[in-house]
Amino acid sequence: MTNKEILQTIETEYKNKQRKSQIQRTKRKKEFYDNHKDLEIIDDNINQIYLAILKNSLEDKKKENIKLKEQLKILQNKKSKYIADNKIDIGAFELQYQCNICKDTGVILKDGKSQKCTCFINRYNALAYENTNMMELTKKINFDNFSLDLFDDKTLYGKYTQREFMRKIRDKSFSFIDNIDNPSEKSMIFFGPTGVGKTFLCLCIADQVIKKRKNVVYESAKVLFDNIEQYVFSREKQSSPQSIFYSLVKSCDLLIIDDLGTEISNSFIRQELFEIVNQRIIADKKTIISTNLSQQELQEKYEQRIFSRFTGSYNFYKFIGKDLRMYS
């Protein structure tokens with residue numbers, strides 16, 4: 001399923017929600033009036049007076065409306081008394097929504113601008129996840145299949161072997177997952193050569209965070225920035241599939257950028273990376289970045305202002321050792 005098809009599916013779901021709410025409301029109303037015929041008559045009379053007032057207003061018949069408004073007030077008082085005397089819950093007349101924030105429209109207004117509701121973004125994220133190979137990958141690549149025995153325990157890299165390095169990083173990953181909502185918990189950067197377990201561990205963490213019912217966006221740096229570029233230069237930003245993806249990148253609970261440094265580097269990419277990293281730090285959203293670049297190479301490639309965000313809000317974890325090709 002493409003991004004466009006996912007959006008169409010969700011839009012249809014919201015229309016069905018609204019239609020279902022209307023049908024249920026009509027059914028409840030009919031059942032209610034079957035038990036309260038007198039109130040039904042009062043409501044019918046009130047509706048007729050409202051229509052007459054509207055008609056007179058259009059025809060500029062102000063005098064006629066004075067008498068109608070007096071009749072309306074009498075009927076409204078009669079209705080209120082009937083409701084009080086019979087201890088009626090008027091909630092039966094209200095539409096019942098699955099999301100009271102957007103009232104099942106999927107859209108809210110914020111600072112005068114229209115944007116997708118959290119419920120819409122969550123649904124998009126769920127469908128997008130179901131339609132990527134990430135779901136299949138995490139069935140095979142998870143902490144249940146994470147064996148320290150795969151790592152070399154003989155060769156020393158400084159004070160530790162590869163296995164000891166991985167044990168420390170694995171344990172820190174568990175702590176990161178447990179404390180993902182803790183503002184003091186820093187994001188993570190995994191750096192080191194190809195084939196030493198960076199992507200494998202990223203997927204293991206993604207699997208556990210998803211099981212905590214958190215939103216996770218996992219994407220390679222190349223695909224990530226390709227999607228962002230399509231969004232930025234799209235003429236129809238609000239309706240494009242990339243707009244939802246762009247929103248998710250900024251707001252998801254965990255963003256995982258795999259293979260940072262393999263994308264084409266230019267001022268646009270660096271600016272977008274800065275915006276993503278900076279906004280997620282401000283929003284206290286966690287990010288994991290994997291890269292084959294060293295810390296020095298990261299600083300040279302992405303400028304000081306980006307690297308300073310890394311050093312201030314991320315912990316660096318160096319992966320060393322033999323190329324295991326764990327996920328090939």
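Q: What does it take for a charge to sit over a ring?
A: NZ of Lys or CZ of Arg must be within 6 Å of the ring centre and within 35 degrees of the ring normal. Keep in mind that this is a predicted model. Here, the charged end of Lys-17 sits over the ring of Tyr-14. The distance from the ring centre is 4.4 Å.

Q: Which residue lies over the face of Phe-274?
A: Arg-305 does, at 4.1 Å from the ring centre.

Q: At what angle do α10 and α11 pack?
A: Helix α10 covers residues 267–282, and helix α11 covers residues 295–313. Their axes are 10 Å apart, and the angle is about 15°. Angles under 35 degrees count as roughly parallel. So α10 and α11 are roughly parallel to each other. Their crossing is left-handed.

Q: Are α2 and α3 roughly parallel or roughly antiparallel?
A: Start with the angle. Helix α2 (residues 37–58) and helix α3 (residues 62–85) cross at roughly 155°. Their axes come within 10 Å. Angles over 145 degrees count as roughly antiparallel. That is why α2 is roughly antiparallel to α3. This crossing is left-handed. Among the residues making the contact are Leu-39, Ile-42, Ile-46 and Ile-49 of α2. On the α3 side, they include Leu-68, Leu-72, Leu-75 and Tyr-82.

Q: How many aromatic pairs are there?
A: Two rings pair if their centres lie within 6.5 Å. By this rule there are 13 aromatic pairs. Take Phe-146 and Phe-151: their ring centres are 6.0 Å apart and their planes are at 40°, so the pair is tilted. Both Phe-146 and Phe-151 are buried.

Q: How is the pair of Phe-146 and Phe-200 arranged?
A: This pair is tilted too, with 5.9 Å from centre to centre and 50° between the planes. It links distant parts of the chain, 54 residues apart. Phe-146 is in the loop between α5 (134–140) and β3 (156–157). Phe-200 is in helix α7 (residues 198–211). Phe-146 and Phe-200 are buried.

Terms used: Residues numbered from 1 in each chain as written. Predicted model: local features only at pLDDT ≥ 70, side-chain atom pairs only at ≥ 80, totals over all residues. Heavy atoms only, no water. Phe/Tyr/Trp six-rings, centres within 6.5 Å; stacked < 30°, edge-to-face > 60°. Buried < 20%, exposed > 50% of the residue type's maximum accessible area, 1.4 Å probe, protein only. Helix = DSSP H or I, 4+ residues; strand = E, 2+ residues; numbered from the N terminus. Axes fitted to C-alpha atoms, helices over the stretch in contact; angles between N-to-C directions. Parallel < 35°, antiparallel > 145°, perpendicular 65-115°, else oblique. Left-handed = near helix turned anticlockwise from the far one by under 90°. Contact = heavy atoms within 4.5 Å.
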